Amino acid sequence: MSRHCENCGCAIRSGYCTNCQEEAYIAFVQAPEMDFSREFMDKAWEQVTGQQSQPRRNAGTE
C-alpha cells in the first residue's frame, strides 16, 4: 500500500489521506472519543464510504 494519496499526494496515516479524508481521519483516528457535529460526521462518513448520508426522517422535530 502506498504511503501517499493517489489523488493529492498527501500522506496516508492509518489508512486515511490526511487531506482528502481529513474529517474521517480526525473523527476515527485522532479523536474518536469526541462528540462532533452532525455535519462533521456526515462528511467523515462520506469520505469513508463515498456516499452521502441519507436525511433523517422527521428531521427538525426532535
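**View 1. Two helices and two strands make up this predicted chain.** The chain runs to 62 residues, and 18% of them are buried. As for contacts between residues at least 6 apart in sequence, 10% of them join residues at least 24 apart.

**View 2. Here's helix α1, residues 22–30, with its buried residues.** Look for A24, Y25 and A27, which are the ones tucked away as buried. An α-helix has 3.6 residues a turn, so residues three or four places apart point the same way. What do the buried residues of α1 pack against? Their partners are both strands, β1 (12–13) and β2 (16–17), plus helix α2 (38–49).

**View 3. F36 and F40 form a stacked aromatic pair.** A search of the whole structure turns up three aromatic pairs, and the one shown here joins F36 and F40. A pair of aromatic rings is described by the distance of the centres and the angle of the planes. For F36 and F40, that works out at 4.6 Å centre to centre, with 20 degrees between the planes. Is F36 buried or partly exposed? F36 counts as partly exposed because its relative accessibility is 23%, and buried would mean under 20%.

**View 4. Y16, F28 and W45 come together as an aromatic cluster.** Ring pairs are what link these residues. Y16 falls in strand β2 (16–17) and W45 in helix α2 (38–49), while F28 belongs to helix α1 (residues 22–30).

Definitions and conventions:
Residues numbered from 1 in each chain as written. Predicted model: local features only at pLDDT ≥ 70, side-chain atom pairs only at ≥ 80, totals over all residues. Heavy atoms only, no water. Helix = DSSP H or I, 4+ residues; strand = E, 2+ residues; numbered from the N terminus. Buried < 20%, exposed > 50% of the residue type's maximum accessible area, 1.4 Å probe, protein only. Contact = heavy atoms within 4.5 Å. Phe/Tyr/Trp six-rings, centres within 6.5 Å; stacked < 30°, edge-to-face > 60°.
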